Amino acid sequence: ADLEAIGGDMFAYVCGVVGIATTMFGCVAGSGSSASGAIGAIGGTGSIGSGVVGGVSSGGSGGSGFYMAVAASGTGNVMTSPDGITWTARAVAENNQWLDIIFGGGVIVAVANSGTHRIMTTADGLTWTAITAPENNDWRSLAYGNGIFVAVSQDGTNRVMTSPDGITWTARAAAENNQWLDVVFGNGIFVAVAQTGTNRVMTSPDGITWTARAAAESNSWFAVTYGNGLFAAVAIDGTNRVMTSPDGITWTARSAAAANLWIDIAYGNGVFVATSSTGTNRVMTSPDGITWTARAAAENNQWNLTFANGQFVAVAATGTNRVMTSPDGITWTLRSAAENNEWQSVQYCPSGGGGNGAGGFGIAGSSAVLGSAGDANGFFQGKGGSINESGQNYGGGAGADGTGADGLILLVY
């Protein structure tokens, strides 16, 4: 009777809340049990992402060094050699009387005492570019040091010229208007020698400002070099045809091995070597620049020389074989020149270095994602998997979803 007293309206309300269609009297909703969903499964351990190591590309190969000689006559006034033994004739910018050559700052420069363009430059010894000198002097010698080229001449208003690159040149005043025949760079200064004048030596820290210095004797000084902490010069006349200096300022006369016309000098392998255009023995050597010993040349030619790449190489303006080489300055071997020109100077041009290879970019390793917590999927309040049970290390798969049990509907009738 009590249930019937509830009436149809209340019945309809209760049954509507729980969402159950029924025709039964006295239907009430039971409360859903809050059963916890199962804890999500622990995610599997993810693998550590590995970065790909970038490969390093190799740099370009540098060119090989070579010897180069210039001449005052001939069709090909330049010749080159990879070893000082085998020589190849090369064409020049102009067929002038080329007297000296130097390598510096990645460029080769030659000077002449004749012609419209008395300077020429090249980067490879094959293709030459003619350059106008600031004055058309009798340019005799070149040196390179402290990032600057310096040339000296035996005539003209300004008997020195300088260039930072071998292309653009500026005339400079010499300390005296002597016949300057050779210049060298050593011990941080330029030193030039002359065959005429009151003071036959001049020095400069930069090739621009020059100071006259007294020579040991007023000889015709033809060549000067620097080696083992000492400047040494040779002459074609005079009582003592050698002089030495530790600083280019104070000079001391030394006796030559013979009274020849000594025209060139070089230093290498612990020995000074001088060559001449006259005499029975046209080479002399010295371990210290003071005591000299006569040596036989391979032929009695007019020799000029250099030391580079472990050997002395000499070229001649006369003779049948106009090249000779020596490992020590004592024993010489004849070599054939590319042409029988009047070879005046020889230098070595070192190889260029290879370019640096660029390293490849490494690809970043992928980061594993942490495992996700299980979702709560219960009808009322099922409990999802705990975040504390997520994947470990670098993360793995997500935790399995926990499923809450549905709340129960209790029917009372």
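I began with the word pocket: on a 1 Å grid over the protein atoms alone, a pocket is an open set of points with protein on both sides within 12 Å along at least five of seven lines, and lining residues have an atom within 4 Å of a point. A note on the source: this is a predicted model, where local features need pLDDT of at least 70, side-chain atom pairs count only at pLDDT 80 or more, and totals for chains, interfaces and linings use all residues. Residues are numbered from 1 along each chain as its sequence is written, and side-chain values use heavy atoms, with hydrogens and water left out.

**Entry: the largest pocket**

Which residues lie nearest the centre of the largest pocket? I found D100, D182, D264, L305 and Q347 there, out of 38 lining residues. By class, I listed 25 nonpolar, eight polar and five charged residues in this lining. (Ala, Val, Leu, Ile, Met, Phe, Trp, Tyr, Cys and Pro count as nonpolar, Asp, Glu, Lys and Arg as charged, and the others, Gly among them, as polar.) Strands that each supply at least two lining residues include β4 (98–104), β12 (180–186), β20 (262–268) and β28 (343–349).

**Entry: the whole chain**

I looked up the secondary structure next and found one helix and 28 strands. Both are DSSP runs numbered from the N terminus: helices are H or I with at least four residues, strands E with at least two. Of the 413 residues, 44% count as buried; buried means under 20% relative accessible area, exposed over 50%, and partly exposed in between, with a 1.4 Å probe and protein chains only. I also checked contacts, meaning heavy atoms within 4.5 Å. Among those between residues at least 6 apart in sequence, 50% join residues at least 24 apart.

**Entry: T162**

T162 sits in strand β10 (residues 160–163). Is T162 buried or exposed? Its relative accessibility is 3%, so I put T162 down as buried. Its side chain makes a polar contact with the side chain of R172 at 3.0 Å. (A polar contact is a pair of N or O atoms within 3.5 Å; within protein, one must be able to donate a hydrogen and the other to accept it, and residues adjacent in sequence count only if both atoms are side-chain atoms.) Beyond four places in sequence, T162 touches residues including F149, W169 and G207.

**Entry: N178**

I found N178 in the loop between β11 (170–172) and β12. N178 is buried because its relative accessible area is 4%. The side chain of N178 reaches the backbone oxygen of T196 at 3.4 Å. T196 is also one of its contacts beyond four places in sequence, as are S153 and R159.

**Entry: W332**

W332 lies in the loop between β26 (323–326) and β27 (333–335). With a relative accessible area of 10%, W332 is buried too. Its side chain reaches the backbone oxygen of G329 at 2.9 Å. W332 and A296 are 36 residues apart in sequence, and their C-alpha atoms are 8.0 Å apart.

**Entry: two asparagines in loops**

N146 is in the loop between β8 and β9 (148–153), and N269 is in the loop between β20 and β21 (271–276). N146 has a positive phi of about 55 degrees although it is not a glycine. I noted a positive phi of about 55 degrees for N269, also not a glycine. N146 is exposed at 57%, and N269 counts as exposed at 52%.

Key: On a 1 Å grid over the protein atoms alone, a cavity is a set of points where a 1.4 Å probe fits but cannot get out, and a pocket is an open set with protein on both sides within 12 Å along at least five of seven lines; lining residues have an atom within 4 Å of a point.
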